[in-house]
Amino acid sequence: MNFKKNKQNLLFIFAALLLPVIYGIVFVRNFSLPVTGGGDIDEWEFVGYYLSENLRFDIFPQLNLRQNQTLYPFGVTQVFSDWSLESNYWYALFYKWLGHGAWLNYYYVLSLIISFLGSYLLLKKDFGPRKAFFAGFVVTFFNFYALHKYPYHFNHSTIHWTILSIFADFVLIKRIVLKEKISLKWVFLKAFVLIATLGMNLGYICGYALSSFMLSLFVAAIVLIYRYLNNDNQVLGYFSDWARELQQNKGLFLGLAVPPLLLLYFYLPLVWQIYQESNLVYYRNTEKTVAMWSHPLRMLFPYFPFFDVTFYPLTDILKDKPEGLGSGSPGWFCLITGITGLWLNRKKYWLAFLPLLILLLLYTFYHPNRVPTVKIFPWGTYNRVPSRFTSILPVIFTCFFLTVNFYQVKYRNWLIGIMCITGLTELVVVYRSLYNKLPYEVDSNFFNYMGIIEKQKGEAVLDFPFCIVGGDGSGMKENLCPLYEKTCNIYALRRFHHKKVMGAYYSYIQPQTIRSFTKINVSAMQTLHPFNPEVKRERLEDLTEEQLAYLVKYLQYNDFCGINLCIDLISEQTYNRIVKTIGMPIAATVLPGAGRAVFIPKPDEWRKLVNPEKVLSMRFPCGCY
């Protein structure tokens with residue numbers, strides 16, 4: 001009997017390792033080139049690159065957050081980058097050792113393995129190996145929202161520690177409610193998993209884990225206090241057991257303490273620094289928060305061939321604007337599993353379900369302005385996109401289902417049939433769309449092009465058209481990024497050429513930073529037409545003589561090595577005039593998102609004209625000489 005169980009256990013472990021690898025081979029595909037492709041995709045490597053260049057260890061790790069490596073020449077705090085410290089450390093380590101590569105894609109597959117295998121190992125003792133394997137499979141391969149997030153919102157596709165932390169919270173509250181044993185080893189495991197969530201996306205994914213833990217502690221405290229008042233000192237029993245375990249094997253627990261302490265060392269100082277800096281400079285721009293709201297009714301939408309929530313159906317009726325493919329919906333398969341478990345075990349497990357239900361209500365009906373429920377938590381301050389909670393829905397519904405005893409379900413064959421048909425249908429629909437997302441391949445001359453820029457004299461490069469924009473919309477109405485969809489990622493190319501750049505694309509950009517650029521009218525270089533968010537431009541208007549003159553002086557006064565000119569985003573006439581005024585290009589390539597580009601070096605005779613003071617006094621159209 002034990003042999004059979006061991007064989008089954010090994011088979012499940014092997015499958016939990018193999019299936020994510022197969023998924024990586026079939027759907028990720030790229031394991032040699034950097035993760036790029038335009039838009040948000042370029043942000044994730046850039047943050048890791050920034051960490052590698054600006055991290056120092058003064059007893060504890062510290063980041064140089066304030067610099068002018070981006071938003072040159074004025075500079076900015078980098079605190080509102082999308083920090084996900086585990087993947088940032090991972091990329092920084094491999095970049096320092098081996099240079100550019102598909103390091104984030106390897107991390108992504110590892111994330112899927114941890115989600116699957118970790119869920120199985122964490123849950124099998126309490127719910128049996130079959131349910132544990134099922135749970136790991138569902139939260140890994142039926143988490144359609146998270147799967148769709150790769151690679152565009154990479155930091156919302158890698159959520160492994162938060163998955164395990166929420167599962168651990170459910171196990172914790174279940175054991176407390178049912179008066180089951182909680183070993184000291186399990187406490188150390190829970191501590192490790194919770195601390196590891198500090199390495200996830202700090203604005204959202206880590207916050208979900210912290211919210212779940214705090215709610216679980218709240219419910220657990222009420223249960224334990226109630227029992228204590230009724231002469232049942234359950235807490236004392238746990239502490240007595242833990243003291244005995246510690247006395248029997250001090251060396252084991254000393255070893256178990258090392259991993260969470262190491263994580264605390266590498267994460268906590270940076271998290272605290274980021275938290276302090278963000279509170280110091282945070283400015284809330286509410287103009288764009290409403291646009292990212294997803295209606296709670298989307299939770300009921302399926303991934304079916306004739307009604308696929310991936311493509312945002314019924315937006316005219318619901319009056320929302322979802323963010324992300326499948327926003328708000330876990331799919332009918334997860335919905336059926338969750339409702340089944342919740343209904344069948346509502347009497348026995350209602351206290352164990354309570355933290356999850358509160359979590360579900362707080363985040364499902366959250367609206368940053370109208371219903372700011374999440375902001376009862378300190379980490380909810382920067383949660384401006386409510387629908388990103390969608391990736392946690394399969395975890396919550398799976399927790400409900402774990403308590404189901406199929407042998408006691410009256411119509412279990414019907415239930416299994418409905419689940420299989422629904423699950424297979426949604427898998428086919430979703431995975432077909434995932435397979436159609438081809439990885440971006442950089443141009444054959446891309447790295448040579450970046451190398452040429454790196455070798456030029458000058459500390460910065462002028463990207464044109466440039467883009468200065470925040471995820472909350474800051475910089476848009478000031479016309480600092482008229483070609484947002486094509487140029488928002490250009491600043492992140494600094495990880496290849498290592499020059500300072502004028503552009504930036506962070507969650508928030510401070511008003512004073514925006515004012516630094518508007519004060520000298522840099523937006524006038526790109527277009528004189530008022531910004532209209534409904535008009536998606538393919539290229540800039542032709543430069544006037546005044547605009548070209550301003551561009552030339554801006555290039556001269558700043559310590560630029562030259563101009564990185566995106567020729568697909570300007571007219572042929574503008575290109576010819578720039579070449580005639582500045583000089584001939586010496587390299588060409590194709591940039592992700594922006595298209596064809598050429599590099600024109602700054603003429604040597606212009607280098608003596610560098611004058612940062614004159615930059616500060618520039619005005620358009622006159623006063624720029």
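Cys467 and Cys481 are both buried in this predicted model. The two are joined by a disulfide, with their sulfur atoms 2.0 Å apart. Such a disulfide is a covalent bond between the sulfur atoms of two cysteines. The bond between Cys467 and Cys481 is left-handed, because the torsion about its S-S bond is about -95 degrees. If you follow the chain, you will find Cys467 in the loop between β7 (460–464) and β8 (468–470), while Cys481 sits in the loop between β8 and α18 (484–487). The partners are 14 residues apart, and the pair links distant parts of the chain. The count for the model comes to 1 disulfide.

What about Cys206? Cys206 is in no disulfide, and the nearest cysteine sulfur, that of Cys399, is 18 Å away. Cys206 has 3% relative accessibility, so it counts as buried, the cut-off being under 20%. Cys561 is likewise in no disulfide; here the nearest cysteine sulfur belongs to Cys566, 14 Å away. Cys561 is buried too, with a relative accessible area of 0%.

Now let us turn to the helices. Helix α5 runs over residues 129–141 and has 13 residues. From its first C-alpha to its last, α5 reaches 18 Å, close to the 18 Å expected at 1.5 Å a residue. Several of its residues are buried, among them Phe133, Gly136, Val139 and Phe141.

The patch is formed by Phe14, Leu18, Val21, Ile22, Ile25, Val26 and Tyr435, which together have about 610 Å² of accessible area. Phe14, for one, lies in α1.

Terms used: Residues are numbered from 1 along each chain as its sequence is written. This is a predicted model: local features need pLDDT of at least 70, side-chain atom pairs count only at pLDDT 80 or more; totals for chains, interfaces and linings use all residues. Side-chain values use heavy atoms; hydrogens and water are left out. Patches are made of residues with over 30% relative accessible area and no salt bridge: like charges are joined within 9 Å, nonpolar side chains (Val, Leu, Ile, Met, Phe, Trp, Tyr) within 5 Å. Accessible areas come from the Shrake-Rupley method with a 1.4 Å probe; for residues, only the protein chains shown count as cover. A salt bridge is a side-chain nitrogen of Lys or Arg within 4 Å of a carboxyl oxygen of Asp or Glu. Helices (H or I, at least four residues) and strands (E, at least two) are DSSP runs, numbered from the N terminus. The expected span of a helix is 1.5 Å times one less than its number of residues. Buried means under 20% relative accessible area, exposed over 50%, partly exposed in between (1.4 Å probe, protein chains only). A disulfide is a pair of cysteine sulfur atoms within 2.5 Å.
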